[in-house]
Amino acid sequence: MTAFFVKLARFSAILGGLVLSALILLIVVSVAGRGLNTLMHELIAAGFLIGLARSLLEAGVGPVTGDFELVEAGVAFAIFAFLPLAQISGAHARVDVLSSRLPPAFNRTLDLAWDLLFAVVLVVIAWRLWGGMLGKMRYNETTMLLQFPVWWAYAASLIGACVAAIVAAYVAMVRIVEIAAGRSILPSDQGAPG
């Protein structure tokens with residue numbers, strides 16, 4: 001069962017990484033286009049290479065329209081897409097100045113408490129994303145420049161949040177089993193199990 005959830009978490013992280021990579025490429029293209037657009041206007045103002053500058057401007061050289069809208073939607077999805085792998089591998093940031101000196105049984109109980117809280121928070125976030133998405137659908141809200149429905153971004157984030165909530169709930173259940181068995185099954189401070 002753990003292998004399935006690890007694969008799900010890795011798939012989610014890979015998908016998030018692909019979306020993030022596409023967003024990085026989009027930003028590079030947009031910034032380069034904005035810079036070229038400015039340069040072409042300066043060339044025209046200076047009376048240098050006017051024909052080339054005008055033809056590039058007429059071809060549409062400039063920033064990507066709505067780049068910030070796409071980045072906003074994509075980053076929200078990517079954040080939720082990375083959470084499952086961090087959760088199942090125990091890779092969240094930890095401050096264990098005191099807990100490292102406490103008995104393993106106490107640390108397992110502490111891990112359970114945090115993992116239960118994290119699962120509840122992710123379920124609440126997914127629930128509220130669902131409500132927000134329904135509201136955006138009901139009012140047909142669109143983005144300012146691209147005019148794509150805002151609920152699409154909510155839906156993408158909701159998918160990531162649901163996967164994160166499911167993985168977090170599984171991790172919390174495994175922590176309960178760990179306490180009952182008196183041994184560790186999942187890592188609590190290292191990379192994902194192979």
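1. Arginine 175 and glutamate 178 are joined through their side chains by a salt bridge, at 3.0 Å from N to O. A salt bridge here is a side-chain nitrogen of Lys or Arg within 4 Å of a carboxyl oxygen of Asp or Glu. Both arginine 175 and glutamate 178 belong to helix 5, where 3 residues, about one turn of the helix, separate them. Helices (H or I, at least four residues) are DSSP runs, numbered from the N terminus.

2. The model is predicted: local features need pLDDT of at least 70 and side-chain atom pairs count only at pLDDT 80 or more, whereas totals for chains, interfaces and linings use all residues. Residues are numbered from 1 along each chain as its sequence is written, and side-chain values use heavy atoms, with hydrogens and water left out.

3. Buried means under 20% relative accessible area, exposed over 50%, and partly exposed in between (1.4 Å probe, protein chains only).

4. Arginine 175 also forms a salt bridge with aspartate 115, with the closest N and O atoms 2.6 Å apart. Arginine 175 lies in helix 5 and aspartate 115 in helix 4, so this pair ties together parts that are 60 residues apart in sequence. Aspartate 115 is buried, as is arginine 175. Through shared partners, salt bridges join Asp115, Arg175 and Glu178 into one network.

5. The structure holds 4 salt bridges. One of them links the side chains of aspartate 67 and arginine 34, at 3.9 Å from N to O. Aspartate 67 lies in helix 3 (residues 67-88) and arginine 34 in helix 1, so the pair ties together parts that are 33 residues apart in sequence. Aspartate 67 counts as buried because its relative accessibility is 14%, whereas arginine 34 counts as partly exposed because its value is 40%.

6. Helix 4 and helix 5 pack at an angle of about 160°, and their axes are 8 Å apart. Axes are lines fitted to C-alpha atoms, for helices over the stretch in contact, and angles run from 0 to 180 degrees between N-to-C directions. The two helices are therefore roughly antiparallel, a term applied to angles over 145 degrees. Their crossing is left-handed, that is, the near helix is turned anticlockwise from the far one by less than a right angle.

7. Helix 1 (residues 2-46) packs against helix 5 at an angle of about 150°, with 11 Å between the axes. Helix 1 and helix 5 are therefore roughly antiparallel to each other, and helix 1 passes helix 5 in a left-handed crossing.

8. Which residues form the nonpolar patch on the surface? They are Phe68, Leu70, Met144, Leu145 and Leu146, which together have about 470 Å² of accessible area. Patches are made of residues with over 30% relative accessible area and no salt bridge, like charges being joined within 9 Å and nonpolar side chains (Val, Leu, Ile, Met, Phe, Trp, Tyr) within 5 Å. Accessible areas come from the Shrake-Rupley method with a 1.4 Å probe; for residues, only the protein chains shown count as cover.

9. Leucine 146 is placed in the loop between helix 4 (104-138) and helix 5 (150-181), and counts as partly exposed because its relative accessibility is 33%. Methionine 144 lies in the loop between helix 4 and helix 5 and, at 62% relative accessibility, therefore counts as exposed.

Terms used
Parallel < 35°, antiparallel > 145°, perpendicular 65-115°, else oblique.
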